[in-house]
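Biologist: Before we go through this model together, please take me through its local geometry step by step. I would like each answer to show how it was reached.

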Amino acid sequence: MPNVPEQPRSGSADEVGATGHGRVRQEPADAGTPAEAPGQGIDGDQAPAAGQAPAKARPTQVASNAAAHALRLLNRARGTEAHPPAPSVPDAPLAVVVGGGISGLVAARELAASGHRVQLHEAGPVFGGCVGAHEVAGLALDAGAESFATRSTAVADLLGELGLGDDIVTPEPGGAWLYLKRGSENVVLPLPATGILGIPGDPWAEEVRRAVGRAGALRAAADLITPVSKKILEGDMSLGALVRSRMGSAVLENLVTPVVSGVHSADPDTLDVDAIAPGLRAAVHKHGSLARAVAAMRAAAPAGSAVASVSGGMNRLVAALVADLKAAGVQLHANSPVAGIAPGAGGTGFRIELAPRAADAPAAKDAKHEKESRQERHERQAHEAGAAGAGQTREVLADRLVMATGGETAVDLLRGIDAGFAEHRPAPGAGISLVTLVVDKPELDDAPRGTGLLVAPTVDDVGAKALTHATAKWHWLGDESGPGSHVLRLSYGRLNDVASALVNADDASLRNAALKDASVLLGIEITAGDILGFDVVRYSGALPFATTGHAKRVAMIRELAATHQGLDVVGAWLAGTGLAAVIADTRKRLRITVS
């Protein structure tokens with residue numbers, strides 16, 4: 001995504017990836033589902049993608065499970081924890097992690113650190129989920145999350161433990177722009193830099209007045225003198241309702257909605273304010289206005305950029321995690337979908353039924369399956385494998401179980417343990433198609449629209465919801481691509497009906513739409529003759545929706561899970577989107593239950 005100011009709940013898990021030049025691609029998985037990563041790998045034999053660095057050497061082995069756990073706790077107390085211990089002893093309790101996305105990989109690492117024997121089962125051919133790699137026009141690019149929010153140290157701490165701390169980089173200072181409808185015309189303006197989720201900390205700032213107009217800014221400024229009732233803390237509330245009541249519709253439509261729809265593919269009126277911006281309602285009550293609350297939260301945020309990444313791409317995180325897990329003796333099984341889960345004998349532990357392993361995914365699909373999402377492909381392959389190899393199911397008996405898949409998959413499997421999970425099955429997120437263009441266009445060397453643009457849903461001449469000028473955002477990528485060559489990533493999945501139809505368009509149509517949209521948004525004509533390479537990535541239910549009442553639903557799910565000893569449920573559908581939220585929540589949950 002473009003470089004958007006600090007957002008309390010969401011990182012920038014905006015684009016998830018593919019493999020190949022031009023038409024050759026690998027479909028992405030849903031965020032947090034059991035099919036998530038770059039490269040290839042079966043039963044732990046996944047090789048890091050080009051440009052990915054291996055993790056540093058592991059420390060001396062610890063002789064026993066008890067000693068391993070004690071040393072881990074001691075290092076944690078000292079603040080010197082860097083790597084999980086060496087492989088545990090054969091009779092250590094067995095923990096099974098279902099889902100090989102970032103939450104699953106991190107959960108496996110925590111379990112290994114506490115001395116468990118660990119198996120991780122991933123339904124798809126690769127690990128890492130929304131953090132992947134692909135190659136377009138000879139460039140190794142992030143196919144998924146290309147940055148992380150720095151509001152906490154969760155991601156930076158993990159990168160440091162994996163030997164990547166010195167490679168953390170911040171984006172170039174260009175910032176994001178907005179593409180808005182103003183009367184009968186569309187305008188391009190810089191996104192105000194003092195806000196959260198587009199909510200301005202200073203409603204009367206010049207850049208805010210330009211975005212919402214004088215009348216809109218006056219209405220927004222009324223927030224500063226309008227009393228705040230204690231009722232603002234009561235009941236469920238959407239982000240849209242809070243912004244509209246305090247600052248009016250102009251701020252909501254022209255600032256908040258473009259940011260939220262670009263990052264979350266969701267309408268602010270559907271998103272739970274406490275999930276998307278934790279603490280914001282309480283801050284409004286404390287400071288007496290929404291603007292002052294936003295300004296205070298921005299002031300309290302860590303100094304520096306709101307987001308960061310890794311030189312060479314965030315995909316290096318996956319390679320380092322996989323290497324770290326292998327060194328710890330974790331068994332990594334790709335192409336290993338779980339068919340069912342049931343309580344163990346006598347109600348102790350868990351019985352995990354593994355479906356017949358699907359065949360490796362081909363590098364490219366035939367025309368019959370061109371629009372098939374990665375999750376749909378995995379389900380089809382599992383079905384085909386089952387038809388070809390009936391009776392070949394396998395069973396694993398585990399002492400501990402961590403569900404690290406997407407919400408729908410998690411609930412469907414957990415029903416085998418407790419029928420009460422069924423009522424908590426979440427609705428699927430929005431579908432997204434992502435187009436990466438590598439173009440030869442020296443006119444873009446000056447980054448005319450910063451690090452990219454967010455598009456208001458009211459705009460009618462652009463189908464994309466966001467454009468990221470990746471080579472302008474990341475200095476290392478600009479150096480690698482060289483002068484005149486630029487990487488542009490456009491996201492499709494708009495809130496209005498006409499633009500959202502582009503999600504299901506074929507590759508050629510999406511490429512043509514991306515050329516047109518990039519030309520309009522950047523103010524420079526880009527033609528097919530300028531293309532050095534392109535790639536299309538499709539998501540089915542890409543981002544989980546934190547709809548109103550989200551916090552209560554998460555609490556109910558976790559209360560139900562807590563009634564089953566040895567069960568943990570993690571992932572973006574509970575923690576919120578973005579690497580910072582997912583990693584922090586997974587480590588917190590697992591450390592509580594393994595310590």
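Biologist: What is the relative accessible area of alanine 447?

Modeller: This is a predicted model, in which local features need pLDDT of at least 70 and side-chain atom pairs count only at pLDDT 80 or more, while totals for chains, interfaces and linings use all residues. Residues are numbered from 1 along each chain as its sequence is written, and side-chain values use heavy atoms, with hydrogens and water left out. On a scale where buried means under 20% relative accessible area, exposed over 50% and partly exposed in between (1.4 Å probe, protein chains only), alanine 447 is partly exposed, at 26%.

Biologist: Where is alanine 447 found, and what is its phi?

Modeller: Alanine 447 is found in the loop between β15 (430-440) and β16 (452-455), strands being DSSP runs of E with at least two residues and helices runs of H or I with at least four, both numbered from the N terminus. Most residues other than glycine have a negative phi. Alanine 447, by contrast, has a positive phi near 50 degrees.

Biologist: Leucine 197 has a positive phi too; is it buried or exposed?

Modeller: The phi of leucine 197 is about 55 degrees, although this residue is not a glycine, and its place is in the loop between β8 (185-190) and α4. Because its relative accessibility is 1%, leucine 197 counts as buried.

Biologist: How are helix α3 and helix α19 oriented to each other?

Modeller: Helix α3 (residues 154-161) and helix α19 (residues 579-594) pack with their axes 8 Å apart and at an angle of about 70 degrees. Axes are lines fitted to C-alpha atoms, for helices over the stretch in contact, and angles run from 0 to 180 degrees between N-to-C directions. Angles under 35 degrees count as roughly parallel, over 145 as roughly antiparallel, 65 to 115 as roughly perpendicular and the rest as oblique. The two helices, α3 and α19, are therefore roughly perpendicular.

Biologist: Which residues of α19 make the contact with α3?

Modeller: Contact here means heavy atoms within 4.5 Å. On the α3 side it involves Ala154, Val155, Leu158 and Glu161. The partners in α19 are Leu579, Ala580, Ile583, Ala584 and Arg587.

Biologist: Which residue of β14 is the bridge partner of valine 98?

Modeller: Valine 98 lies in strand β1 (residues 94-98), where 5 of 5 residues are buried. Strand β1 runs parallel to strand β14 (residues 400-403), and 4 bridges join them; pairing requires that DSSP finds at least two bridges between two strands. In β14, the bridge partner of valine 98 is methionine 403.
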